[in-house]
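Here are my notes for your first read of this model. Keep the structure open beside them and find each element as you go.

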Amino acid sequence: MIEKQANLMLIGVGGGGCRFASAAVRAFGGALPAIGFDTDALATRGIGNMRCMIVGAQRFDGHGTGGDAVKGRQALRDDQEAVRSALAGVRLAVVVTALGGGVGNGATPQVLQILRDLGAHVLCFATLPFGLEGRERGQAAERALPLIEEGSDALVVLPMDQLYAAAGVQEPLADAAPRAEETFGAGLTLLWRLILAPGFISLDPESILAMLTQTKGRCRFAVASTTGEARAAEAVAQLCRSPLLGPAPTLQEAQAVMLGVLAGGDLRLAELTDVSQRLRASLAPACELRLGTVLDERYAGQIQLVALFFDVLREKGASPAADNESDGMAEVLGPIPGERRAAARRSRGKTVARQAVRGRFKDVEATWLNGEDLDRPTYLRQGIALDR
Amino acid sequence: MAIPPIAALEIGTTQTVALVGEIDEARRVTITGRGVYKTSGVRKGQVFDVDLAKIGVAKAVQQASEESDVDVGRLLLAVSGGHIEAKINRGSIPVRARDRIVSHEDVEEVTELAQALVLPPDRDIMHTVSQSFSLDDQAGILKPEGLSGAQLSLDMLVIHALRNRVDNLRKVVQSVEMDVDDVVFSGLCVALSVLTSEQKRNGVAIIDLGGGTTSFLAYADNVIASAGSFGVGGDHITNDLAVAFNLPTGRAEELKRREGHAQVSAATNLKRLIIPEELGMQERSISLKAFHTVINARQAETLRLVRTALHEAGILPRLNAGIIFTGGGAALPGLTDLGRAIFGLPCLVGEPCNVTGLADVETPAAYATAAGLVLYGFKTYQETGIMHPVKEFLQGIFRR
C-alpha cells in the first residue's frame, strides 16, 4: 500500500488547510502521505499526525501573516526550493486550503504552480470564510479563487457556512470546528480509501486522473452516512440534499459524477444497485457516473457515500491529451511526473508546426513569452478543438 | 500667463489619434480638436514602414488642427509595446548627520540613487515613480525627512523602453515636420485620463487593450506600483479568427466587431454565422460558438498575462477598486464578465472622465491614451513651466 501511495499526497495550505488535512489523516487511521505549509508555528503546533513545514520563517519568524496575501506569497517563495523538494515525485495531489487568510490566499497559488511544474494532477478543496467573518475577508477569498481554479485540475469550493450545515453542527462553537473538520476529513479519507483499497468495484488513481483531465474548473463535493434497513435509499437521499452542494446548479446539470461507497462486508449487491439507480435517477440521462467501493469490516452496518459532481467537462478532443496521436490515456498518465505537460507541449509544437499560422504577423518580430510564440493563435497553442 | 494648447499623438496599431486640448481658468481641460485616421505601417506598436505610418499621423494631426483651429507644430507622443518594461529599483544610503536625523539632502541622494537603474545599452528610462522609503527595518514611510534612523532606502519603479523603438516613432512624427516634446508610456496616459483619486487610493489596475499591444498600470496605496506592456492586442484576435476560419483579415475584423463576444455561451450552440462569397470562396457558414471560442481563448490568455504580472508584483490583493479596461478592445461584449472570472475583481470599462469634449464620440475608451497625454502635458507645464506644447508663441499669435 505504501508503494501505491508513493505518488499521492495530501497537502494542507495555511492554518485552516493544515487542520483539515490533519483531520483527514486522523480519519484515515493509517499512514497517509501528507504535508502542511504555514507561516505560523503556533497554529500548527497542535498538529502532530502529519509534517507541517513552516515557510517564510526568516522573514516572519514563525508568526502569521496578519491576513496579508502578499506576505503569504512571499513566505512560500522564500522557501520554494524546500517546498519543491518536499513535493518531488507527487503525481496526484489533493490540496486543502482555507481561503480568506494570508497563507491560504497568497501561498496556495504558489504551491499549485510548483505542483504544475512537477507535472502533478491536482484536486483542490478550498473553503470560503464564514459569512460572519465579514465582507472583506470573503472578498479576499473570492479574489484568490481564479488563480487557484486555473492551477488545479478540479476545484471544490466549500463555503464554511455550508460545511458546518452539512456537519449538522449544533454544538457550542468550541466543539463545532472539530466536528466540521471531522465531516470533511471523513469524506476526503473515503476518496483516499477508494484509491488505495478498492473493493468490489475499483476506482483506481488512473480513473480519477482520467476524470480530472476531462473536467474543467470547479466541481462539487458531498458526503452522506447512514445505517439501518433502508440505508442505501437514505444515503442517496442524504447525499442529494447535502448543503455542500449549494442551491445551484442542480444535480441535473452535472456532466459527470464520481461516487465512492464505503461499507462493511455486509453490503449487498442489491444495495449497491439501489444506490447507483437512485443516484442516476437524480442525474441527467447523459451524465457519466463512475462508481467505486471500499469494503472495510469496521464499517459493518453503515453505508458512507462520497461524491464529486463535475458540472463542466472539456469538449471531446479539447483536452491536451486529445492532441496526442497515440493513446491519449497513456500520454496523460505517463509514469514520470512532468511527462503529461511535457507531452502536451510537444504535441502542441507538432500541431502548430504543421500550419502556417502567424498570418499577418509573419513579417514582424515574434512576441515570445515563456517559450511560446504569442503571435500564433491561442486556440492552436492550447489545443482547443473547434466545433465546425 | 495663459497656458497654450497642448497637442497629443498616439500612433496605435489600428488607428492614429491626435488630440488638441486647452485649459480654462478653472483648470478644466477640454479637448477642442480631434483627428483619427487608420494606421498603416505599424504592427504591435512598432513601426516597420515610416512612409506608411506618416500618412496616418499627417491626416490625424491635420483633422485635430482644423477642428481646434490650432496650428500644431510640436506634440507629445504616447508609446506602448512589448518592449516596455518596469522594474523596482532600490537605492540605499547611510543617514549622514551625526544625530541620525534624515535631511533633505539624504532624501535627494537616495532618490538619485534609486533612479539610477543600470540598463542594457539599448534601453532608456522613460519614467521613474517613487514607491516608499524605508528607514532601517521600518518600511512604508512616505516622508522620511526629520525622522531618525541609520539606513535610508527608497524603492523606485523604473519604466524603461528599447531606444530604437521609441526613436522610430519619433521619426514618423519628424517626417511630417513636427517635433516631439516628450514621449510618455501609454499606460500612464490612460491612468491620468480615466482614474479618479478615490480609485487610486483604493488600489486599481488599468488595462489598455490596443490593436497591437496591451498595456497595464496599477496603483496600490495611491502610488503607481506596477506597469508594463505586452505585444499582444486586438489584432491577434483578428488574426486568430482569420486563421481558424480561413477568412481574409478585413472580413475577420468586421465579423469580430459585429459578432464578437469574450465569453462562450451555451446559447450560441446551434447558431451559425454566414460568410458571404468572397475572394473566389463560396458562401458558407461557421459556428458562432467556435467563433466565440477563438476570441475567448485569446482574450483570456491576454488578461492572464496581465494577471500574472500583477500577481508577481504582489499587487493583486491590493486592488480594491478592481480593474478598468480602456482602448479599442474594451468595446468587446462580455469583456468585463471575463475579467471578473479571471481577476476575481470587479471590472468595468473606463472612459476619459478627467477631460471634457469627448462626450459625443462613439467609443470614448479609445481616446483614453491621447486624452491622458494632453493631461500629462498640462500637468508638466503647470509643474515646471518649461513645456512648449504646441508652439513657442503666445496663444493669440498661433491662432489662425
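1. Start with a pair of strands. S13(B) and strand S14 (residues 223–230) of chain B run antiparallel and are joined by seven bridges. Pick out one pair to see this: B:Ser215 has B:Ser229 in S14(B) as its bridge partner. The two strands form a hairpin, with two residues between them. Look at B:Asp221 in that turn, where phi is positive, about 55 degrees. Remember throughout that this is a predicted model.

2. Now the other neighbour. Strand S12 (residues 204–209) of chain B also runs antiparallel to S13(B), and six bridges join the two. Here B:Ala205 has B:Ala218 of S13(B) as its bridge partner. S12(B) and S13(B) form a hairpin too, with four residues between them.

3. Is strand S13 of chain B mostly covered or mostly open? It is mostly covered: the strand spans residues 214–220, and seven of its seven residues are buried. Side chains in a regular strand alternate between the two faces of the sheet. In S13(B), B:Thr214, B:Phe216, B:Ala218 and B:Ala220 point one way. B:Ser215, B:Leu217 and B:Tyr219 point the other way. Both sets are buried.

4. Move to the open sheet of five strands in chain B. The order is S3-S2-S1-S6-S11, and the pairing is mixed. Its edge strands are S3 (29–38) and S11 (179–185), each of which pairs on one side only. On average, neighbouring strands are turned by 25 degrees against each other, direction ignored. Within the sheet, strand S1 (residues 6–11) and strand S2 (residues 15–23) of chain B are antiparallel, with six bridges. One of the pairs is B:Ile6 with B:Gly21 in S2(B).

5. Two helices pack on that sheet. Helix H1 (residues 50–68) of chain B touches S1, S2 and S3 of chain B. Its direction makes about 145 degrees with that of S3(B). Helix H3 (residues 163–174) of chain B touches S1, strand S6 (74–79) and S11 of chain B. The direction of H3 makes about 145 degrees with that of S6(B).

6. Next, the domains of chain B. Domain 1 covers 85–160 and domain 2 covers 196–349. Taken over C-alpha atoms, their centres are 37 Å apart. Six residues of domain 1 are in contact with six residues of domain 2. On the domain 1 side, strands S7 (85–94), S8 (123–135) and S10 (151–162) of chain B each supply at least two residues. By class, that side has four nonpolar residues, one polar and one charged.

7. Chain A has an open sheet of ten strands. Read the order as S3-S2-S1-S4-S5-S6-S7-S10-S8-S9, with mixed pairing. The edges are strand S3 (51–54) and strand S9 (288–295) of chain A, each pairing on one side only. Neighbouring strands are turned by 20 degrees against each other on average, direction ignored. Strand S1 (residues 8–13) and strand S4 (residues 92–98) of chain A pair in the parallel sense, over six bridges. A:Gly12 stands opposite A:Val96 in S4(A). Helix H12 (residues 231–240) of chain A lies across strand S7 (218–227) and strand S10 (302–310) of chain A. H12(A) runs at about 145 degrees to S7(A).

8. One residue deserves a stop: A:Gln162, in helix H9 (residues 160–166) of chain A. A:Thr97 is 65 residues from A:Gln162 in sequence and 16 Å from it in space, C-alpha to C-alpha.

9. Finish where the chains meet. The contact takes 27 residues from chain A and 32 residues from chain B. On the chain B side, helices H6 (234–245), H8 (288–312) and H9 (335–343) each give two or more residues. Which of the chain B elements gives the largest share? H8(B) does, with eight residues. By class, the chain B side has 14 nonpolar, eleven polar and seven charged residues.

Notes. Residues are numbered from 1 along each chain as its sequence is written. Chains are lettered from A and ligands numbered from 1 in the order in which they are written. This is a predicted model: local features need pLDDT of at least 70, side-chain atom pairs count only at pLDDT 80 or more; totals for chains, interfaces and linings use all residues. Two residues are in contact if their C-beta atoms, placed from the backbone, lie within 7 Å. Ala, Val, Leu, Ile, Met, Phe, Trp, Tyr, Cys and Pro count as nonpolar, Asp, Glu, Lys and Arg as charged, and the others, Gly among them, as polar. Domain bounds come from an automatic or database domain assignment. A residue is buried if 20 or more other C-beta atoms lie within 10 Å of its own, exposed if 12 or fewer, and partly exposed in between; C-beta atoms are placed from the backbone. Two strands pair if DSSP finds at least two bridges between them. Axes are lines fitted to C-alpha atoms, for helices over the stretch in contact, and angles run from 0 to 180 degrees between N-to-C directions.
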